[in-house]
Amino acid sequence: MEANGLGPQGFPELKNDTFLRAAWGEETDYTPVWCMRQAGRYLPEFRETRAAQDFFSTCRSPEACCELTLQPLRRFPLDAAIIFSDILVVPQALGMEVTMVPGKGPSFPEPLREEQDLERLRDPEVVASELGYVFQAITLTRQRLAGRVPLIGFAGAPWTLMTYMVEGGGSSTMAQAKRWLYQRPQASHQLLRILTDALVPYLVGQVVAGAQIIFAKDGHFALEELAQAGYEVVGLDWTVAPKKARECVGKTVTLQGNLDPCALYASEEEIGQLVKQMLDDFGPHRYIANLGHGLYPDMDPEHVGAFVDAVHKHSRLLRQN
């Protein structure tokens, strides 16, 4: 360690490494906790910051991304930060137009409809350079965090991105994307390969920039395979029973999750009871507490705080017994 207190990559020395130690399977004094979409619209300060510019312009501003990432850390004693960005910056970098439509969500004015539409996509090798603003945001945020907690990066999986690019937006059925799988298998493989070739250097770039976790929604059917895929942490959605998940993955993988986000609509007392049950079911080791998906915009920040505090309180008590 350098004399000035900075790590070998020039980042401030980490003061709270509970999240990382839990990910690596080491003993911790309490269960670390963070929330998916913790930098989000449920916070008044987030809405105020975001009001000044459109969504993807915000994503392209390292300074704005850093500020939005840090906001929940100022309110809650979270054990990790996650960089503010969006999975759809990758299709953008590949040359597709994406807009954020109020009340609807992301929209692709010209989605992929035919095989020849793949010719519109840029070479995936350019993606890492196109997304330099994400790396800048990560590096800036690592510096501003001053070692307070680790910083998490993320990206959407190839299939997730393909569904948006083909459907033209979010879809509950993914019928158009699945149509591609059955009617255009070769083009589907080509598109998934393009996305994979774009995502690998993008994720490597995030790590180099200063940011590591797999979360597969509805992935309960593949827990055993996910556990053998080489990841240190597997995130669970709320449909998976903790004890069953542990049976599937064994004791060499850290699990993360998985309280139903809607549980935060309950009273603070009931949130505490639900958290206690969740902690009991997962156990004190190889576990990171989280929700089973992201926070919703209409959630009360006080209830988010109650969730975080309950995890810290009950996990310490669990270790004393």
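Guide: Welcome! Searching the whole structure turns up zero disulfides. This is a predicted model, where local features need pLDDT of at least 70, side-chain atom pairs count only at pLDDT 80 or more, and totals for chains, interfaces and linings use all residues. Residues are numbered from 1 along each chain as its sequence is written, and side-chain values use heavy atoms, leaving out hydrogens and water.

Visitor: What makes C66 count as buried?

Guide: Buried means under 20% relative accessible area, exposed over 50%, and partly exposed in between (1.4 Å probe, protein chains only). C66 has 0%, so C66 is buried. C65, at 1%, is therefore buried as well.

Visitor: Why is H314 called buried?

Guide: Its relative accessible area is 17%, so H314 falls in the buried class.

Visitor: Which residues does H314 touch, not counting those up to four places away in sequence?

Guide: H314 touches G272, V275, K276 and L279, where contact means heavy atoms within 4.5 Å.

Visitor: Where is H314 found?

Guide: H314 sits in helix α14, residues 301–320. Helices (H or I, at least four residues) and strands (E, at least two) are DSSP runs, numbered from the N terminus.

Note on methods. Disulfide = S-S within 2.5 Å.
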